[in-house]
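Work through these exercises with the sequence and the 3D view side by side. Try each task before you read its solution.

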Amino acid sequence: MDEQEILRRGLETFAELGYAATTVRELARRLEVSHNFINERYGSKGGFWRAVVDFALLGAQAQFDRQLAEPRDDGERLRGVIVQLYRISANASAMNRLLTDESTRDSDRLDYLHERFIKPFWESIEPVIGRLAAMGRLPRVPSYVLYTAITGPALALAHDPIADRLDPALAPVAEQDRNSLADALSGLVLDGLLRPPVQ
């Protein structure tokens with residue numbers, strides 16, 4: 001089994017069981033490796049968790065940075081980033097489940113996610129958000145409120161089981177065009193948050 005498949009299975013396991021309930025023995029069983037493999041290759045369960053997260057989120061910030069570098073107005077830059085965020089989220093439900101779970105726990109794992117991924121993402125869009133708020137195109141609310149308004153729905157794209165129950169005609173949602181679902185949701189959020197330019 002190659003490294004990517006090991007990390008993908010690790011991500012699925014942590015997303016399904018949560019960090020605390022994921023034992024090294026269970027990881028070894030699901031990865032079809034020896035009991036010592038995790039410690040020998042990654043140093044510890046925590047080291048493997050960090051490798052899994054790095055694997056799952058590698059390159060995401062570069063995609064956001066490309067959207068921010070586009071020669072457009074700030075509203076379109078923010079729109080591009082949020083559409084990209086929702087598309088990434090829609091196509092990575094295991095990572096979404098892991099992020100949702102870890103975001104509710106005060107831990108060194110949340111510190112890791114914050115320092116490596118959440119903080120760089122937020123800092124990259126803060127200047128755009130600040131300018132849009134100064135122009136009256138975004139509401140002036142605390143950063144946490146705006147962060148939740150933007151990222152909360154993206155994380156909810158991992159909630160396929162409830163989506164199947166709410167909209168049986170689309171079930172299974174997991175088999176739908178994930179980019180179309182992401183675009184519909186990001187459009188709804190952006191239309192509610194981002195006011196049109198003042199003429």
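## Exercise 1: The largest pocket

The largest pocket has a volume of about 550 Å³. The model is a predicted one.

**Task.** Find how many residues line the largest pocket, and which lie nearest its centre.

**Solution.** 
- Step 1. Count the lining: 28 residues.
- Step 2. Pick those nearest the centre of the pocket: L57, A60, L85, I88 and L99.
- Step 3. Assign the lining to elements. Those that give two or more residues are α4, α5 (60-69), α6, α7, α8 and α9 (143-156).
- Step 4. Look for the largest share. α8 supplies it, with five residues.
- Step 5. Sort the lining by class. There are 19 nonpolar, eight polar and one charged residues.

## Exercise 2: The second largest pocket

**Task.** State the volume of the second largest pocket. Then describe its lining by residue, element and class.

**Solution.** 
- Step 1. The volume is about 410 Å³.
- Step 2. The second largest pocket is lined by 15 residues, and I118, Y144, Y147, T148 and T151 are the closest to its centre.
- Step 3. The elements giving two or more residues to this lining are α8 and α9.
- Step 4. The largest share, seven residues, belongs to α9.
- Step 5. By class, six lining residues are nonpolar, eight are polar and one is charged.

## Exercise 3: The nonpolar cores

**Task.** In the largest nonpolar core, which residues touch the most other members? Which element gives the most to this core?

**Solution.** 
- Step 1. The largest nonpolar core has 27 residues.
- Step 2. F14, F48, W49, V53, M95, L98 and L113 touch the most other members.
- Step 3. List the elements that give two or more residues to this core: α1, α2, α3 (37-42), α4 (45-57), α7 (93-102) and α8 (108-134).
- Step 4. The most comes from α4, with six residues.
- Step 5. Follow one member, M95. Leave aside its neighbours within four places in sequence. M95 is then in contact with L11, V53, A56, L57 and L113.

## Exercise 4: Salt bridges

Side chains of opposite charge can pair when their charged atoms come close.

**Task.** How many salt bridges does a search of the whole structure find? Examine two pairs: E16 with R30, and E76 with R79.

**Solution.** 
- Step 1. The search finds 17 salt bridges.
- Step 2. Take E16 and R30. Their closest N and O atoms are 2.8 Å apart.
- Step 3. E16 is in helix α1 (residues 3-17) and R30 is in helix α2 (residues 24-31). The two are 14 residues apart, so the pair links distant parts of the chain.
- Step 4. Check exposure. E16 is exposed, at 51% relative accessible area. R30 is partly exposed, at 23%.
- Step 5. Now take E76 and R79. Their closest N and O atoms are 4.0 Å apart.
- Step 6. E76 is partly exposed, with 36% relative accessible area. R79 is partly exposed too, with 23%.
- Step 7. Finish with a network. Salt bridges link E5, R8, R9 and E32.

Technical notes
Residues are numbered from 1 along each chain as its sequence is written. This is a predicted model: local features need pLDDT of at least 70, side-chain atom pairs count only at pLDDT 80 or more; totals for chains, interfaces and linings use all residues. Side-chain values use heavy atoms; hydrogens and water are left out. A salt bridge is a side-chain nitrogen of Lys or Arg within 4 Å of a carboxyl oxygen of Asp or Glu. Helices (H or I, at least four residues) and strands (E, at least two) are DSSP runs, numbered from the N terminus. Buried means under 20% relative accessible area, exposed over 50%, partly exposed in between (1.4 Å probe, protein chains only). A nonpolar core is a set of buried Ala, Val, Leu, Ile, Met, Phe, Trp, Tyr and Cys residues joined through side-chain atoms within 4.5 Å. Contact means heavy atoms within 4.5 Å. On a 1 Å grid over the protein atoms alone, a cavity is a set of points where a 1.4 Å probe fits but cannot get out, and a pocket is an open set with protein on both sides within 12 Å along at least five of seven lines; lining residues have an atom within 4 Å of a point. Grid points are joined across faces, edges and corners, and a volume is the space filled by probe spheres set on the points. Ala, Val, Leu, Ile, Met, Phe, Trp, Tyr, Cys and Pro count as nonpolar, Asp, Glu, Lys and Arg as charged, and the others, Gly among them, as polar.
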